[in-house]
Amino acid sequence: MRVGIGYDIHRLVPDRPLRLGGIEVPSPVGLLGHSDGDVLLHAICDALLGAAALGDIGEHFPDTDPAYKDADSAALLIVALGKVRTAGLRPVNLDANILAQRPRLAPHKAAIRARVAELLALAPDCVSIKARTHEGLDAVGRGEAIAAHAVVLLDQPPRAQGES
Ligand code: MG
């Protein structure tokens, strides 16, 4: 068993789609980023890579690389998951926090959970997505940014029969 932690924060700006956990959340403000700015999927990527000791998202998907301009973070997550599998590991469960003063995320948590479970090929009961405000404190609390934490557990899948 191996555990990994991930964290990310992105600035909220007007007139940009808000991508969060691989879905689009209706919002007048969206997350600024070289990619689609999906702060939750970035935190999950870092947790996956961290658990496998494979570095961080910035090493694998540099924000100076035009290939990742406006990239779909779900595609980046699938690549990171492939690297984890190549290392002989698979996700067991995920727990995540989204820190957002705005928009209100409670109505979207179930859809985010379903999408993240699908991306990680996990049963929904192995994926936990929690959301909270920042009580009006700091940049997140002023509604200037959204941050996310993720913790992932990996294990080694059992060898298939006949494999040496
Ligand atoms: Mg990021």
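Helices (H or I, at least four residues) and strands (E, at least two) are DSSP runs, numbered from the N terminus. This is a predicted model: local features need pLDDT of at least 70, side-chain atom pairs count only at pLDDT 80 or more, and totals for chains, interfaces and linings use all residues. Residues are numbered from 1 along each chain as its sequence is written, and side-chain values use heavy atoms, with hydrogens and water left out.

**Whole chain.** Show the cartoon. There are 5 helices and 7 strands in the chain. From the N terminus on, they run β-β-β-β-α-α-α-β-α-β-α-β. Along the principal axes, the C-alpha atoms fill a box of roughly 55 × 35 × 25 Å.

**The magnesium ion.** Select the ion next. Its protein donors are Asp8 (OD), His10 (NE2) and His42 (ND1), 2.0 to 2.2 Å away. Donors here are N, O and S atoms within 2.8 Å of the metal (3.2 Å for Na, K and Ca); water is not among the atoms, so sites may look incomplete. Along the chain, the donors have the spacing D-x1-H-x31-H. Aspartate 8 sits in strand 1 (residues 2–14) and histidine 42 in helix 1 (residues 39–51), 34 residues apart.

**Buried or exposed?** Color by relative accessible area: buried is under 20%, exposed over 50%, partly exposed in between (1.4 Å probe, protein chains only). Aspartate 8 is buried at 17%. Histidine 42 is buried too, at 9%. Of the 164 residues of the chain, 45% count as buried.

**Strand 7.** Select residues 145–155, which form strand 7 and include valine 151. Valine 151 is partly exposed, at 38% relative accessibility.
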